[in-house]
Amino acid sequence: MASKAAVSTASTDTGAAATANAARPKRVRTGCLTCRERHLKCDEGLPDCQNCKKSNRECKRGVRLNFIDTTIKTPPITPPTEDWDVTFQDESREIASEYRGGLSRYTTLDSEADGVAPKQEPQFDFSNTDPLIQAPVLTHQQLPSQSSYPQGGVDGFPTTMQMQDSRQDPHQRHGSINSDSTFSSHTIGASSVASYNNPKQTLTPPGETRETLTDPEELLFMQVFVEEVGIWMDSMDPYKHFSRLLPFDSLGEPMLLNAFLACGARHLILVNPAYQEEKALHFYDSATRILLRQLQNPYRDTVICATTAVILNVYEIMGERALQRMNHIAGARALIKECGWNANSVGVGAACFWLNVGMELLSCLHFNWQVAWNPDDWGLDMDFSRPTGPGREEIWTYRIMWILAKAANFRAATTPLRSDPPQDHMRIQSRYEEWKGLMDWCDAWNNNIPRSMQPLGHLYPYQQTSKSLFPEVWLIKRATVVARMFYHTAVIILAQTNPMMTMSQQEMQDMQEMQMHNARECCGIIAHVKDRGVASVALRSIHHAGECLVSRPEQEEVLTIVNKIHKETGWRIQFIIDDLIKRWGWNDQDNLQQQQQQMPNLMGQHSGLVQNFAPQLQQASTSMPPAPSMKSMLKAGMVNPMLAKADFGQPVHPYQNYYVAPNHQQSTQNHFNQY
């Protein structure tokens, strides 16, 4: 009996323990970190659990890891052998850096103390597993609605004009009925054509440093970038970073290399219909993904990130739907400011700064906006009395760009009178003083430029054999050509916005003569220039210059020049033609048909130019935007809306969901500083 009682008692204790264990809350493994910190059972509700909802706390999710820093004072010594070597590699810090607070658990290495930090790439989860991932839509881009913009890119810096190079492969340089671009007739191999139908093919270059480009397709894209895109990106850079220096650095920087290849592939799409968009889009998306990962790394190389963003912005401007894919326009500007680049920068910083402000300036000239980066804040030395020395024409190009930006802001700030004579008189007087100051800047620039920036030759139309109606102005250096076009454009804009024109007939006549003279000089430069690296500025300048012409033959020659650019590059320039025809009053359809018959050779060589001057022309698939009407545009005079908030110091800033402030002590060390 005693034994049975003992067994019964033991069974009762076991059953009570089992009941107690069953009643105890079961430990969950996928609960939130907030409940774990509060030592509460989480119901694992999504997106927020009930405990966090009731207490109004943030429901934190993730995996919490413990990092232990183990330092070996005397590491083991492995005796060397003839057959194999043993090395120890510590990747714990790299792994820990992928988790919040993980890297802070480790002590500082000697290399970090010396200012050299290991490169980390925090993991970024892209839910889309398709190789052709669409570019993330960044929440910071508060762009206007699609109806407010024309479809297409911001005009100004699309791509480049063409000039044949006898040193290049003759198989890549023969003519084409579609375009005269260098690569318009490049023969695509069978493997390359097949790759377009295989979107799952790996296109992104490997992450390791390369000695050379060994893939034929990647080599082609890089050649196109260097010879066609990089030359106009370097139009104001004496060291030619984008076409001469950075391509070599891209061999060790996959982010930079993908951006270069994207631009090269994009240019081929414009000039050669055999190429499709998949390759360019994939390189663009690959560079974007790497950039977004790097922006989460406080130890990133800020110079490479900023340079990549600038190049990706160029790709977007070249794109078919540029204004619908402006993921990097504000980001590039913000990263430039983060690096502290301005007019006083040197090397790659100066190259990125002037390219970025140049693209914005040409866009603002088109949309009649004010530039977002006030020229007074550029930090440019505008003291013309200081000698610059020979071979430094670029400083004068920067100065005339500063003057043109001020003129663009002056034009954009023009408002109609308010029918209040006293107030209007005071306002006109104030505006005239500002206008006079800008004209003085233009005159001072033209009077102080070095001799190398003045024409080496000048022929009037009757002296030429080209039968051009415009003077032949021969300028040698590319920066000089760009500067002279900027100068004439600035004078034309100021002549059109003189506040005193409405109060004096003589003043109006003087301004008209000033417009005509500078318009003819500007058209003369563009009509005879053979440098394809200046076409981006030439297209915007000839648009402003052409508006001033009143002679029908001169107007026709302007259209011939514009069509030549279209034939050579494939840009969408119909909006320029439509706008010029409207301003010239060519509303008679018979006159338009007559104009088509006068240039049969030019019209018949390109399928997109069959009815070049007809309003109903279908726009070609190229990179330039159609001309926006004033009703469809945003309000003229406003500050550039795409760059108004391009600053990481603002509450709503670019790369809102990805940006982490850099550790400047670690991120300023980079190999670009050698340039």
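# Reading helices, contacts and backbone angles

Biologist: Ala-479 is found in helix H16. What counts as a helix or a strand here?

Modeller: Both are DSSP runs, numbered from the N terminus: a helix is H or I over at least four residues, and a strand is E over at least two. Before we go on, remember that this is a predicted model, where local features need pLDDT of at least 70 and side-chain atom pairs count only at pLDDT 80 or more, while totals for chains, interfaces and linings use all residues. Residues are numbered from 1 along each chain as its sequence is written, and side-chain values use heavy atoms, with hydrogens and water left out.

Biologist: How many helices and strands does the protein chain have?

Modeller: The count is 23 helices and 2 strands.

Biologist: Back to Ala-479: is this residue buried or exposed?

Modeller: Relative accessible area decides that: under 20% is buried, over 50% is exposed, and anything in between is partly exposed (1.4 Å probe, protein chains only). Ala-479 has 2% relative accessibility, so it counts as buried. Zooming out, 52% of the 675 residues in the protein chain are buried.

Biologist: Which residues is Ala-479 in contact with, leaving aside neighbours within four places in sequence?

Modeller: Contact means heavy atoms within 4.5 Å. On that basis, and with those neighbours set aside, Ala-479 touches Ser-235, Glu-394, Thr-397 and Met-453. Take Ser-235: it is 244 residues away along the chain, yet the two C-alpha atoms are separated by 6.2 Å. Across the protein chain, if you take contacts between residues at least 6 apart in sequence, 74% of them join residues at least 24 apart.

Biologist: And H16 as a whole? What span should its 19 residues have?

Modeller: The expected span is 1.5 Å times one less than the number of residues. For H16 that gives 27 Å, and its end C-alpha atoms are 27 Å apart, so the two agree. H16 is also mostly covered, with 18 of its 19 residues buried.

Biologist: What describes two packed helices?

Modeller: Two things: the angle between their axes and the distance between the axes. The axes are lines fitted to C-alpha atoms, for helices over the stretch in contact, and the angles run from 0 to 180 degrees between N-to-C directions. Helix H16 (residues 478-496) and helix H18 (residues 535-548) have axes that come within 10 Å and cross at roughly 35°.

Biologist: Which hand does the crossing of H16 and H18 have?

Modeller: Left-handed. That label applies if the near helix is turned anticlockwise from the far one by less than a right angle; clockwise would be right-handed. On the H16 side, the residues that meet H18 include Val-482, Phe-486 and Ile-493, and their partners in H18 include Val-537, Ser-541 and Ala-545. By class, this contact of H16 with H18 has 9 nonpolar, 4 polar and 1 charged residues. For the classes, Ala, Val, Leu, Ile, Met, Phe, Trp, Tyr, Cys and Pro are nonpolar, Asp, Glu, Lys and Arg are charged, and the others, Gly among them, are polar. As for H18 itself, 13 of its 14 residues are buried, so it is largely enclosed by the rest of the structure.

Biologist: What do other angles look like?

Modeller: Under 35 degrees is roughly parallel, over 145 roughly antiparallel, 65 to 115 roughly perpendicular, and the rest oblique. The axes of helix H9 (residues 254-271) and helix H10 (residues 277-295) come within 8 Å and cross at roughly 155°, so H9 and H10 are roughly antiparallel. Their contact divides into 13 nonpolar, 3 polar and 2 charged residues. Then there's helix H7 (residues 216-233) with helix H11 (residues 302-318): about 110°, axes 12 Å apart. That makes H7 roughly perpendicular to H11. Val-229, Trp-232 and Met-233 in H7 meet Ile-311, Val-314 and Met-318 in H11, which gives 6 nonpolar, no polar and no charged residues.

Biologist: What about the backbone outside the helices?

Modeller: Most residues other than glycine have a negative phi, and most peptide bonds are trans. Glu-44 has a positive phi, near 60°; it sits in the loop between H2 and H3 and, at 33% relative accessibility, counts as partly exposed. Pro-47 is in the loop between helix H2 (33-38) and helix H3 (50-55), and the peptide bond from Leu-46 to Pro-47 is cis, with omega near 5°. Lys-467 also has a positive phi, near 65°, in the loop between strand E1 (457-459) and strand E2 (472-474). Lys-467 is exposed, at 77% relative accessible area.
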